[in-house]
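Work through these exercises with the model open. Try each task before you read its solution.

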Amino acid sequence: MSSSAPALPLILLLALGWACRRMPGLPGPVETRRTLNAVVISVLMPALMFQAMRRTALDGAFVLVPLVALGSLLLSFIAALAVYAAWQKITGLKLPKPTLGALVFCAAFGNITFLGLPLLTAYFGDVAPKIVLLHDPFCLGPLVYACGPALGAWFGDGGTSVVRRRWDPLRAVLRMPPFWAVGAGLLAQIWHLPVPAAVDHTLGLMSQAVIPLIVFSVGLALELPATRRHWGGLVVLAPAAALKLFFTPLVTLGLLGFARHIAPHVLTATEHHAVALEGAMPTMVVTAMIAETVGLDHRTAARMVALTTVLSVV
């Protein structure tokens with residue numbers, strides 16, 4: 001079987017989502033995507049995270065995987081700042097601060113859940129939810145809501161005070177239903193709490209709906225440049241896209257290699273490969289929404305999401 005075969009259904013679903021952006025009879029793509037995302041994040045994803053957490057043994061991966069993800073994030077931030085400082089000096093072009101902030105933001109955070117979960121499931125099966133929850137609720141999920149407002153304060157155009165209060169990092173994390181689902185699953189795992197068969201089956205059905213819906217939603221979010229000027233603007237995105245799709249995966253591989261050297265038995269071979277693939281995810285979709293709320297260039301962020309997502313599946 002071709003190595004790309006497991007991803008083919010995901011690519012087709014992605015294409016279907018993109019094709020439905022203008023399908024008659026459907027609401028606009030933004031409204032449809034927001035509704036789907038709300039259902040997935042508030043209802044279906046918590047079921048998946050609860051099931052994954054209560055079935056996952058507590059081991060060294062719960063420390064090692066978040067540390068690798070955090071190290072990759074920090075090095076990606078530093079690299080993006082350095083690359084764009086050099087790029088501006090070489091080209092003589094001065095990027096607006098909101099644009100620079102958006103590029104740095106998008107170069108650092110990968111789509112670990114909305115694209116990572118389907119791809120990891122396609123290639124690695126049942127290990128996927130564990131790796132995703134160790135990246136998202138345990139590490140990068142909270143950090144994206146903390147780093148967005150911080151970058152907005154440094155690079156943004158001000159935004160609005162109401163929106164800034166809304167994206168208070170702690171409150172944002174506590175409003176995430178998957179966060180509470182992971183906590184409930186952890187308690188169920190530690191205390192060996194039984195789950196009735198009917199409830200377990202229902203949670204399983206809900207979990208199965210997550211992957212097709214989130215891939216379809218990512219497809220709805222893809223928006224290709226409409227004019228020649230917009231295509232020309234992709235030049236500014238190229239360094240950030242290269243960092244996200246090449247630099248971050250290499251950093252992740254390096255950190256995994258170092259971790260395997262000092263703690264060789266913490267991750268299985270399958271978990272090792274799954275973490276490496278998470279490091280190669282394109283830009284996180286939610287960065288565009290956060291960028292808009294904190295005064296960064298949300299149009300640049302949205303183009304980064306589209307460009308890196310398309311490149312990652314080509």
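**Exercise 1: a helix pair**

Helix H13 (residues 234–262) packs against helix H14 (residues 269–278) at an angle of about 155 degrees, their axes 9 Å apart. The model is predicted: local features need pLDDT of at least 70, side-chain atom pairs count only at pLDDT 80 or more, and totals for chains, interfaces and linings use all residues. Residues are numbered from 1 along each chain as its sequence is written, and side-chain values use heavy atoms, with hydrogens and water left out.

Task: Classify how H13 and H14 are oriented to each other.

Solution. 
- Step 1. Take the helices as DSSP runs (H or I, at least four residues), numbered from the N terminus.
- Step 2. Apply the classes: under 35 degrees is roughly parallel, over 145 roughly antiparallel, 65 to 115 roughly perpendicular, and the rest oblique.
- Step 3. H13 and H14 are therefore roughly antiparallel.

Task: Which residues of H13 and H14 meet?

Solution. 
- Step 1. Contact means heavy atoms within 4.5 Å.
- Step 2. H13 brings Thr252, Leu253, Leu256 and Arg260; H14 brings Ala269, His272, Val275 and Ala276.

**Exercise 2: another partner for H13**

Task: Classify the packing of H13 with helix H16 (residues 298–313).

Solution. 
- Step 1. The angle is about 50 degrees, and the axes lie 10 Å apart.
- Step 2. That makes H13 oblique to H16.
- Step 3. On the H13 side, Leu237, Ala240, Ala241 and Leu245 make the contact. The H16 side includes Arg303, Met304 and Leu307.

**Exercise 3: the largest cavity**

Task: Describe the space in the largest cavity and the residues around it.

Solution. 
- Step 1. On a 1 Å grid over the protein atoms alone, a cavity is a set of points where a 1.4 Å probe fits but cannot get out; lining residues have an atom within 4 Å of a point.
- Step 2. Grid points are joined across faces, edges and corners, and the volume is the space filled by probe spheres set on the points.
- Step 3. The largest cavity holds about 130 Å³.
- Step 4. It has 15 lining residues, with Ala69, Ser72, Leu140, Thr248 and Gly279 nearest its centre.
- Step 5. Helix H3 (61–91), H6, H13 and H14 each supply at least two lining residues.
- Step 6. H3 gives the largest share, four residues.

Conventions. Axes fitted to C-alpha atoms, helices over the stretch in contact; angles between N-to-C directions. 1 Å grid on protein atoms, 1.4 Å probe; cavity = no way out; pocket = protein on both sides within 12 Å on 5 of 7 lines; lining within 4 Å.
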